Amino acid sequence: MSNTFPKILFVILHVLHFVFFPIGSIASPGTSPVYLGDPFVLLYDGTYYAYGTSSADGIRVYTSDDLETWKEPTRKLALNKADVWGEKWFWAPEVHFHKGKFYMFYTAEEHICVATSDSPLGPFTQKEKKPMIADEKCIDNSLFIDEGRPYMLYDRFNDGLNIWIAELEPDLLHIKKGTEKPVIQVSQDWEKVWPRVNEGAFVIKNHGKYYLTYSANSYESPFYGIGFATSDKITGPWKKYDANPIFQKPKDLVGVGHSATFIDKNGKPRIVFHSHHDQERIHPRIMHIGEVYFEEEKGEQVMRVKPDFSTPTLIRKDPTFKNPVFQPVLADPSVIKDPKTGLYYAYGTQDNWDDGKGSRLVPILESKDMVNWKYVGSAFQTKPTWKNAGGIWAPDINYVDGKYYLYYSFSTWGDPDPGVGLAISDSPKGPFIDQGKLFSSKGIDVPNSIDPFYHEDQGKKYLFWGSFNDGPKQGTFAVELDKDGKTLKNTEKVKIAAGDFEAVTIYKKGEYYYFLGSKGSCCEGANSKYHVLVGRSKQLLGPYVDQQGRDLRERGHGTLILQGTPEIAGPGHTSGIIADDQGKEWIYYHSIDKKHGKLPNNTSRRMLFLDEVNWNNGWPIIGAGKANLNDIPMPTVRPTNRQPETLPGNPLKVALGDPYIIYDDTSDRYYLYGTGGTKNGFVAYSSSDLKDWKKEGVIYTNIQEKAWGTKDFWAPEVYKWNDKFYLFYSAHWKNNPNNELENYKIGVAVSDKPTGPFVDMTGEPLFDPGYPIIDANVFVEESGKMYLYYSRCCYKHPVESEISQWAKQQGIFSEIEESWVYGVELKPDLSGVIGEPEMLLRPPLKMDDVQAEWESRSVNNKEVNRRWTEGSYLIKQQDTYYMMYSANFYAGKYYAVGYATSKNPLGPFKKSKHNPVLEKNTEKGGDVTGTGHNSILVGRGGKMYCVYHGRTTQSGQDRVVFIDEMEIDKKGVLKVHGPTTK
């Protein structure tokens, strides 16, 4: 295709996230402008696709039917940095459809790149992860195909930023050597405001002439604008229009530029461009769409942009909120998710809110969703008595050995001997009973000993603390606590950071411990200079270094990750990092509105803020690095009752195998699915409390037009995406020319309700790997990338191993067939898979493998000549993927569950030394056998449950459903507290 006007299909964007919302407001509007910088629009098959600069992790995509209203697809990132070259600065994408393939031209780390996909939604990937020009920084590459010959325009950093062109090879992936030549550079007066920039080229052809639009001045300048140049040949020479710019500062917009043109569904030429967020702030930049026309001037066709334009609306799939999340004051916040109820509690420094209720002795807030908070009381009824005067500052809340531990500072301004104490409660709402002083500054020999932070590591308890001081013994320190956490094990302290830090928090992620600390003045209202810096170490007690490798024990060091803005002063004193129910990491901090820096009683108005913790190359940044006033997607918090579920006692009165439970927040009910209950289909049960289950009837049957399965309908799992419910299941495929006994495949059916009816999406299975497969499980990454996990059947899959050799030598079985677990990426429209499946789990090969005994019990006990790894289920906790799986014969008593872990959704996975984590209990006096094929449910109360089938003496050979509590402890060990019976 060429960019001739009747065939144009395009548009571009560029964004971060910064929007001002009136202080004190919390919103979940569900709509916003489309925050994209360097925007580009593709019209393909009746749908518009918008791409642009906006994400640190890749390139976002939105869809629209009318250009006015845009939606987020399931796959939010069309291009994910994990699939391509580069770790940061993903800018200026264009997507073109050419010879049955989609090509994305974009910038990463100031290098031009190209990636391909089979879908405009992505994923866009690179077979060879490398830029188009490896030895030179360039940006803003744009494709133009002229009479079948592909060309690429791009920006080079020489004498400022100027535009060049090069011919591409037919594959569109490589530049033809020696074809590079300059196009335009800064030459007109309007382009010289600041600095020397011509960038963002886009070419169209109109009546035989080539028109190149470009932007001049820095994108940060309000005078960023659009001009054009013309040529009779794509390779030039090019002549700029004398009356440029043709579009600059229209109406009340500033920073207008980086445009692209396209033809809409009605054949009308359009232009897409970005502007600054408003006249004071650049980010997040906003996408706008206008109209282009041509008119004659001095015998030439001149390109014009109509002064009127539209600002499209994004319908957010997920609601959003804006900071602050609580006011007037919650300083030095500490936040905990109550493991008993799933509710969140926040604690802050003692303050007088000037509401006539006096000074609150550590105010406590409560929230169901991490965003909407209400005051529920104070931690202390009276001040501790171990110090004569002072305030209760910087509390640190923790759940320790079934109790709520609140470490706190007791100090006055300029106090020569402040200290740290501990109070304990049976409830997060208190009252907290003071346990007295842990240490004072003089006793521990550290000046200004305040701001405690508790951390457990490898079974040991530690306390970190410290604040500003210039003395020789200044700094942040750590000390080990006794096993009960109530006293110091000894006074041997370790220096962690210099005395220009305070408000330490420690966070473990991957192989590193991260130190977050605040510097600057905390409490001077609008003049506060608080900001947050980070260092990291592979050892809990350091040494911690910043991104430049500088030791935090030396003053002036640390990598900046949060600072103020023109509107907000003093963001700092962070809480510990806390994960939502999707594993996304968040952090609380306090900030001050510069226009309302203090209350009438002179209390600094330190309001509660919440922001996401983002990661880049192993280093965190809070939001975009500045106090966040933008629309922020809400944390994922599953609805919770104020009391946790009370399990009914096992087994349930439901005879199903391979059970799976989903919670639907719309109906506020649980839905249970499994193998059995009807012939050639599936049934469902529903419950409001996990105790009483109602049979909803048949939700899927193969008596339908697109049915592909004939029998053995097994292992259903139901997922909710975009208000639709998707049923993944296994069945025997009717396409069976060789009359295989096991011709199992996996399919997908869809419904508007969790109770069906579910209708097959196509008339065939999801894909055919060439062998029988069962037990589908789907995992969706935060980026929207989807993975399918399944089991290869044992059928006709004999495997040589030490176990099979032993069985043969013993005369038990002549061969052993095996089932293996595989993973593969799913297409975003669920029409198939991407790439080749990866084998992730298999039974052990050697007899001395720690997994060999329990995974081979069906063979060792002569049940059957097969070994299984099947029924996989994947979850993610922090940065670790946990895959649970079942081993041994599903119809035998040795069926059991283990798990494996990985840092990548497609492995490699390492099986746990703690396996099996769920097995028969007959040796312990119980009567449960055949425990397996589990799924995982997180209930309303935040508890994690293992849902599985088993058999009892009463149930005989019928499989019945069990639900038991499970957890992943602080050491990362997965535990199932079962099997249990009434």
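Rings of Phe, Tyr and Trp, the last represented by its six-membered ring, are taken to pair if their centres lie within 6.5 Å. In the predicted model, Tyr 660, Tyr 719, Trp 721, Tyr 726, Phe 728 and Tyr 873 form one aromatic cluster under this criterion, and a search of the whole structure finds 59 aromatic pairs. One of these joins Phe 247 and Phe 273, whose ring centres are 5.0 Å apart and whose planes stand at 75°, so that the pair is edge-to-face. Because Phe 247 lies in the loop between strand 18 (239–240) and strand 19 (257–263), whereas Phe 273 belongs to strand 20 (residues 269–275), the pair ties together parts that are 26 residues apart in sequence; Phe 247 and Phe 273 are both buried.

A tilted pair is formed by Tyr 882 and Tyr 899, with 6.0 Å from centre to centre and 35° between the planes. This pair links strand 64 (residues 880–887), which holds Tyr 882, to strand 65 (residues 896–902), which holds Tyr 899, the two residues being 17 residues apart. Tyr 882 counts as buried because its relative accessibility is 5%, and Tyr 899 counts as buried at 3%.

Arginine side chains are also found over aromatic faces: Arg 156 lies over Trp 164, at 4.2 Å from the ring centre, and Arg 360 lies over Tyr 375, at 4.6 Å from the ring centre.

In helix 2 (residues 802–809), the buried residues are Ile 803, Ser 804 and Ala 807. Viewed down the axis of helix 2, these residues fall within an arc of 100° and therefore line one face of the helix. Their covering includes helix 4 (857–860) and strand 62 (866–867). Helix 2 is followed by Gly 811, which has a positive phi near 75°.

Note on methods
Residues are numbered from 1 along each chain as its sequence is written. This is a predicted model: local features need pLDDT of at least 70, side-chain atom pairs count only at pLDDT 80 or more; totals for chains, interfaces and linings use all residues. Side-chain values use heavy atoms; hydrogens and water are left out. Buried means under 20% relative accessible area, exposed over 50%, partly exposed in between (1.4 Å probe, protein chains only). Helices (H or I, at least four residues) and strands (E, at least two) are DSSP runs, numbered from the N terminus. The arc is that of the directions from the helix axis to the C-beta atoms. Contact means heavy atoms within 4.5 Å. Rings of Phe, Tyr and Trp (its six-membered ring) pair if their centres lie within 6.5 Å; planes under 30 degrees apart count as stacked, over 60 as edge-to-face and the rest as tilted. A charge sits over a ring if NZ of Lys or CZ of Arg is within 6 Å of the ring centre and within 35 degrees of the ring normal.
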